[in-house]
Amino acid sequence: MMGPYQKMSNAYAYGVPVAAQNTNVVVVSDVFCCPYPLELTVKKNCKGLSGAKLEVVDLESSVVLRVDGPHHSFNKKRVLRDPAGYPLLTMREKLTSLNHRWTVHRGEGSDPTELMFTVQRSHPLQWRARLDVFFQSNQVRNFSVVGTYSDDSAKVYHADTLIAEVKEKPTFGGYFKAKQDFVVTINPGVDYAFVVSLLVILSETNSIF
């Protein structure tokens, strides 16, 4: 059954990354790819104990993505939604994994057939925050997220190519711990919904929200 963001063609497949010569990357949908550099602001909005919420806005302050999930839960779960609330991805932490492994399914499903990719730390004990991304289609590390504790920066790579980075982070207490917003710049042709999902997992892996 096709979702509202699935594009049926020879070029794109739902949940499979596509990299062209221009380093175009499509994972969730090409709907979330812009032909120009994109700057998004991720705004935190935690309301009591009911849940942790994020809003992702563009330069015109229009909401382009939302993230929600239980504020305190034994099993962490975050749901990435479009502005209307339609679930795009569900991210779940596997507590049995030493590498802080996360599974990402399409929609709100948890069936193995709905698994899109997994994300985990490169090493259980690491001096530098690094996440590796693996897709079910090939089980090879396709993408990585590299962070630096000293200046709270984070960059997303496709192979050795930088495709997105945290551009501005005012006075953070370590990987987005504070309530301030953070700004992300994303290369042209790169799926920003996919990038946001990786940054959410990076923040959760480093014990925040």
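The helix

This is a predicted model. Helix α1 covers residues 192-205, and at 1.5 Å a residue its 14 residues should span 20 Å; the end C-alpha atoms are 20 Å apart, so the two values agree. How much of α1 is buried? The helix is mostly covered, with 14 of its 14 residues buried. At the N-terminal end of α1, the cap is Asp191. One of the side-chain oxygens of Asp191 lies 3.0 Å from the backbone nitrogen of Ala193.

Now the chain around the helix. The secondary structure comes to one helix and 14 strands. The protein chain has 209 residues, and 51% of them are buried. Its accessible surface is about 10300 Å², with 51% of that area belonging to carbon and sulfur atoms. For contacts with a separation of 6 or more, 37% are between residues 24 or more positions apart.

Last, the two loop residues. Which loop holds Ser61? Ser61 sits between β4 (52-57) and β5 (63-69). Ser61 is not a glycine, yet its phi is positive, at about 65°. Is Ser61 buried or exposed? The cut-off for exposed is over 50% relative accessible area, and Ser61 has 56% relative accessibility, so it counts as exposed.

Ala159 is in the loop between β12 (153-158) and β13 (161-168). Ala159 has a positive phi of about 60°, and it is not a glycine either. With a relative accessible area of 53%, Ala159 is therefore exposed.

How values were computed: Residues numbered from 1 in each chain as written. Predicted model: local features only at pLDDT ≥ 70, side-chain atom pairs only at ≥ 80, totals over all residues. Heavy atoms only, no water. Helix = DSSP H or I, 4+ residues; strand = E, 2+ residues; numbered from the N terminus. Expected span 1.5 Å × (residues − 1). Buried < 20%, exposed > 50% of the residue type's maximum accessible area, 1.4 Å probe, protein only. Polar contact = N/O pair within 3.5 Å; in protein donor to acceptor, adjacent residues only side chain to side chain. Contact = heavy atoms within 4.5 Å. Areas by Shrake-Rupley, 256 points an atom, 1.4 Å probe, with all protein chains shown as cover.
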